Amino acid sequence: MNILVTGSKGMVGTALVNTLKDIRDNQKRIGADIFVDEIYEYDIDSTKEELDEYCSKADFVFNFAGINRPDNPEEFMIGNCYFVRDLLCCLRKHNNNAPVMLSSSIQATLSGRFGDSEYGRSKKAGEDLLFEYGRENGSKVAVYRFPNIMGHSRPKYNSAVSTFCWAVANDEPYTVNDRSTVMELLYIGDLVNGMIDLLNGKEKHCDFNGVETVLKEDGKFCCVPVTHKVTLGEIIDLLQDFKNQSQADMAPTLTDGSFAKKLFSLYLSYLPENI
């Protein structure tokens, strides 16, 4: 199987590509008859010619390309909708009906605090294009509206959890405006596992009640069902516990699959190299 990953240098794209390479290089099965052969990595520095070539050969497409912090709000549509249009046009050009996955956002619900989200509107426009493409071509499409993703990324950018992990690990100052603020977090490892399930045809489906994900076998959307709702205060307290225990040469006892264990793994990735 040849797999195209757009946005391959971003946090999620990088994690998925690394997992696919591990599967490819060890020739591990990820389904009854599925092996990873070629992995096509497309990002902002790639060319239109490369995208054209990849779309002619891909057996599955993961689209993680997008923009979430533009200099101009108009760039939201360029990165999150118009690129989807160009990608689908390229697949049509080659009569390639490969399944297409789209990384969208919970903000595309345009509900609650996201009701006036320019980012959400651009993501929703991309979703609409993909659903229309699926109806017209009979191709399998999978739209995921992700909540906040927890994984290693640049601090002080677009992930509060990454910023807190980096700050506590490196004794840097940080600010918590409201400890009671609740975040729904999807750990990067769980997200990647969900993408492997999608390749296997074992993805979970859902619909939405406002911003709430409702699992449903025939739901219009797809989802990774393992998320964690925690307050900023709980996150900070856990990180401080990790810090204190490491200074006392103690290792925390954490339950497999727990939010604390996932946060600890992320925290470790920000420790100075000489620790």
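Biologist: Is Thr109 buried or exposed?

Modeller: Buried means under 20% relative accessible area, exposed over 50% and partly exposed in between, with a 1.4 Å probe and protein chains only. Thr109 has 13% relative accessibility, so Thr109 counts as buried. Keep in mind that this is a predicted model, where local features need pLDDT of at least 70, side-chain atom pairs count only at pLDDT 80 or more, and totals for chains, interfaces and linings use all residues. Residues are numbered from 1 along each chain as its sequence is written, and side-chain values use heavy atoms, leaving out hydrogens and water.

Biologist: Which residues is Thr109 in contact with, leaving aside its neighbours within four places in sequence?

Modeller: Contact means heavy atoms within 4.5 Å. By that rule, and with those neighbours left aside, Thr109 touches Phe114, Arg145, Phe208, Gly210 and Val211.

Biologist: Now the helices: how are two packed helices described?

Modeller: Two packed helices are described by the angle between their axes and the distance between the axes. Axes are lines fitted to C-alpha atoms, for helices over the stretch in contact, and angles run from 0 to 180 degrees between N-to-C directions. Helices are DSSP runs (H or I, at least four residues), numbered from the N terminus. Here helix 3 (residues 75–93) and helix 4 pack at about 15°, with axes 7 Å apart.

Biologist: And what about helix 5 and helix 8?

Modeller: Helix 5 (residues 160–169) and helix 8 (residues 259–268) pack at about 60°, their axes 9 Å apart. Angles under 35 degrees count as roughly parallel, over 145 as roughly antiparallel, 65 to 115 as roughly perpendicular and the rest as oblique. Helix 5 and helix 8 are therefore oblique to each other, whereas helix 3 and helix 4 are roughly parallel.

Note on methods:
Helices (H or I, at least four residues) and strands (E, at least two) are DSSP runs, numbered from the N terminus.
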